[in-house]
Amino acid sequence: MTSPVITVRNLSKQYRIGTRRERYHTLRDALAEAFASIARRKARPRDEWIWALKDVAFEVAAGEVVGVIGRNGAGKSTLLKILSEITYPTEGRVDIHGRVGSLLEVGTGFHPELTGRENIFLNGAILGMTRAEIRRKFDEIVAFAEVEKFIDTPVKRYSSGMYVRLAFAVAAHLEPEVLLVDEVLAVGDIQFQKKCLGKMSDVARQEGRTILFVSHNMAAVESLCKRCLLFHAGRLIADGPVEKIVMRYQESIAEHAGGSVDLRAHPGRRKDSIPMMRTGTLSSQSQSPAAAVRMGSDLSVTVDFQSPNAAIRPVLGLVVKNYLGAGVFSVNNRIIPGFTFDPVREGRITCHLERLPLMPGTYTVDLYFGDEHHTLDAVFDSLSFEVTPADVYGSGKLPPAHCGPVFLPARWSMKHDTPGQSP
Amino acid sequence: MQELVHKAAVPDRVITPRGGWLSINWREIWRYRELLFFLTWRDVTIRYKQTALGILWAFIQPFLKMVVFSVIFGKLAGIDFGEGVPYAVGMYAGLLPWQFFSEALSRSSTSVVGSANLITKVYFPRLIVPLSSVGACLVDFAISFVILVGLMFYYDIPPALPILMVLPLIVMTVLAALGVGILLSSLNAAYRDFQHVVPFLLQIWMYVTPVIYPVNILPPGWRWMLLLNPMTGLVDAWRSAILGRPFAWGHLAASAGVTALVFVFGLYYFRKVESRFADIV
């Protein structure tokens with residue numbers, strides 16, 4: 001084994017609480033603080049600080065592809081930002097050997113007024129490619145993105161799919177020795193996501209590049225990585241073979257979720273949320289709360305909410321995900337025409353799902369809550385439930401488990417062709 | 001393999017907590033010169049895309065300013081640059097560097113905050129951001145220069161030997177704009193108040209700089225104050241270079257001194273706060 005490419009030692013990063021970023025000062029604050037200290041009076045009450053990362057240490061060897069997983073706010077993105085030198089640690093040290101390329105977002109610096117060609121050069125330069133390098137790979141990038149015809153059109157006229165394809169194509173042709181990737185595969189259509197995953201694993205396998213890959217998509221992590229790091233509340237809590245770590249993560253999610261969950265201080269709350277949802281409850285036909293539901297029976301999701309300010313027309317959205325974290329379906333009462341409630345400040349809203357067409361397994365629910373225009377509160381992986389087998393077809397048999405997460409009613413018909421007669 | 005072992009000896013990057021005053025990594029900025037070029041090019045391209053007149057705007061604006069100032073301050077207020085120099089030429093010789101300085105300042109002061117999307121997502125030497133803003137203003141500067149040449153032809157003012165000073169003066173003006181611009185860009189990231197301060201500051205600054213009037217209309221007791229303003233000596237020297245007059249070397253030296261001080265302080269202050277940019281913009 002060669003010596004490590006990335007060495008991380010007692011890495012910690014502190015942020016002011018609540019904002020996840022330091023709020024910028026105004027001059028008035030600075031002057032007020034200066035004045036307060038001159039006057040020997042106590043300045044504002046000390047801000048509370050939070051460790052976004054605490055005492056993290058690990059090593060990555062050359063050619064390793066390492067997945068980084070954990071809940072929102074576990075410190076994954078902060079880690080990548082420190083490794084990319086976008087922000088600096090409060091304590092600790094990182095040594096990196098080789099050229100680092102970071103992909104925290106696709107299309108960084110893309111400008112809508114510029115053409116595809118111009119954006120390739122600009123974005124390439126921003127990602128650290130030289131002009132000669134971009135020129136050499138230009139045709140390959142354009143072909144990969146499948147935008148040959150529109151290469152001299154301003155990207156503001158691109159469809160969102162084309163835009164993402166072009167942006168990813170530039171990034172995919174980056175050739176650093178160490179590549180840091182943050183959830184970039186969450187964008188783009190399925191077809192293209194597959195292509196990108198393919199490109200990334202090619203890169204890792206054939207060219208021996210070291211990759212750190214942050215994702216919520218467990219299927220992607222499992223297919224790309226052999227080793228995985230699990231973060232929780234700023235700490236690295238597990239490091240090992242990917243199957244083991246992913247399983248441990250899923251178990252930890254299940255611990256926090258269940259048939260009825262207090263959402264007020266839930267760790268899965270999205271960072272810009274206004275905490276409006278108070279409890280979430282799952283009910284089956286026979287039980288409430290319910291942590292399990294039979295295939296093909298009804299399930300309802302109830303959320304207790306309170307708006308801190310004005311009365312709102314409540315909108316509840318759910319995303320139901322399978323054990324790998326991939327979405328299976330979503331519903332909300334904003335997209336269903338004419339389904340509007342009167343404005344209220346608090347109450348409970350229930351979504352009734354009839355004859356749930358899910359195959360047996362464990363599912364988790366992301367809850368989104370807001371008014372008729374915006375999402376105001378979101379809690380990921382908040383509820384979880386088990387779908388238990390049921391004889392939905394009346395045949396005593398079920399489709400094979402690995403063929404997909406849903407089952408559907410179906411009808412068959414057949415026309416009898418008499419032998420010897422041609423159509 | 002051998003290469004890897006060799007590399008292992010010294011890491012390419014060491015990331016540790018940052019704070020305090022740091023040195024400027026010129027070699028790294030040089031390594032990122034292509035990014036500097038592309039960001040400058042982007043600024044220039046975008047400014048004139050989707051405008052019917054395009055780059056002509058860079059010509060129209062200083063031209064109209066010259067006409068309006070000449071009418072108001074030259075004709076109506078009767079300000080005179082002496083020795084039979086037409087007001088338009090005397091004034092424009094000062095307006096040219098001032099216009100560049102003021103454009104560069106207002107653009108670079110908002111550059112760091114305006115590049116939040118880059119700064120929070122990609123590593124590169126942050127100094128590239130204000131550098132490219134000032135760089136983009138050089139294009140407009142070059143175009144405004146053409147107007148000056150036109151005016152000299154129109155009023156039949158042949159260039160004399162002092163015109164050779166234009167080159168060093170350009171360098172000094174760029175350094176002055178960079179120094180103040182870099183300082184303001186980092187101040188604006190740390191204290192958003194500066195987005196309100198800068199436009200106001202620039203307006204006042206123009207009136208305390210001898211742009212629309214000659215230095216010698218100031219009472220001698222006040223002149224030392226104006227020398228704290230690096231643009232005073234510079235604008236005056238530009239005028240001497242264009243009109244072929246003797247230079248006030250003392251004023252120019254004072255300007256150079258203040259410019260150098262501001263430039264160095266601006267650079268180091270920027271370096272001091274840049275490690276926090278991603279957390280505060």
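**Exercise: Asp381(A)**

Task: State in which strand of chain A Asp381(A) lies, and decide whether Asp381(A) is buried or exposed.

Solution: Asp381(A) belongs to strand E18, residues 375-388 of chain A. Strands (E, at least two residues) and helices (H or I, at least four) are runs assigned by DSSP and numbered from the N terminus. This is a predicted model, in which local features need pLDDT of at least 70 and side-chain atom pairs count only at pLDDT 80 or more, while totals for chains, interfaces and linings use all residues. Residues are numbered from 1 along each chain as its sequence is written, and chains are lettered from A and ligands numbered from 1 in the order in which they are written.

Next comes the burial rule: a residue is buried if 20 or more other C-beta atoms, placed from the backbone, lie within 10 Å of its own, exposed if 12 or fewer do, and partly exposed in between. Asp381(A) counts as buried because it has 24 C-beta neighbours inside 10 Å. Its phi is near 50°, which is a positive value in a residue other than glycine.

**Exercise: Arg355(A)**

Task: Find the loop that holds Arg355(A) and decide whether Arg355(A) counts as buried or exposed.

Solution: Arg355(A) sits in the loop between strand E16 (346-353) and strand E17 (361-370) of chain A. There are 11 C-beta neighbours inside 10 Å, so Arg355(A) counts as exposed. Although Arg355(A) is not a glycine, its phi is positive, about 45°.

Solution: Gly259(A) is buried because 20 other C-beta atoms lie within 10 Å. Two residues are in contact if their C-beta atoms, placed from the backbone, lie within 7 Å. The C-alpha atom of Gly259(A) is 9.4 Å from that of Val301(A), which is 42 residues away along the chain.

Now the division of chain A: domain 1 covers 6-251 and domain 2 covers 260-390, with bounds from an automatic or database domain assignment. Contacts join 9 residues of domain 1 to 10 residues of domain 2. The domain 1 side of this contact has 2 nonpolar, 5 polar and 2 charged residues. Here Ala, Val, Leu, Ile, Met, Phe, Trp, Tyr, Cys and Pro count as nonpolar, Asp, Glu, Lys and Arg as charged, and the others, Gly among them, as polar.

**Exercise: where the chains touch**

Task: Give the order of the strands in the open sheet of 4 strands.

Solution: The order is E2(A)-E1(A)-E4(A)-E1(B), and the pairing is antiparallel; strands pair if DSSP finds at least two bridges between them. E2 (49-60) of chain A and E1 of chain B are the edge strands, each pairing on one side only. Strand E4 (residues 91-96) of chain A pairs with E1(B) over 3 bridges, and Ile96(A) has Arg13(B) as its bridge partner.

**Exercise: the nonpolar cores**

Task: Name the residues of the largest nonpolar core that touch the most other members.

Solution: A nonpolar core is a set of buried Ala, Val, Leu, Ile, Met, Phe, Trp, Tyr and Cys residues joined through C-beta atoms within 7 Å. The largest has 142 residues, and those touching the most other members are Leu212(A), Phe213(A), Val221(A), Cys228(A) and Ala177(B). Helix H9 (residues 166-190) of chain B provides the largest share of this core, 13 residues. A second, separate core has 30 residues, including Met277(A) and Val365(A).
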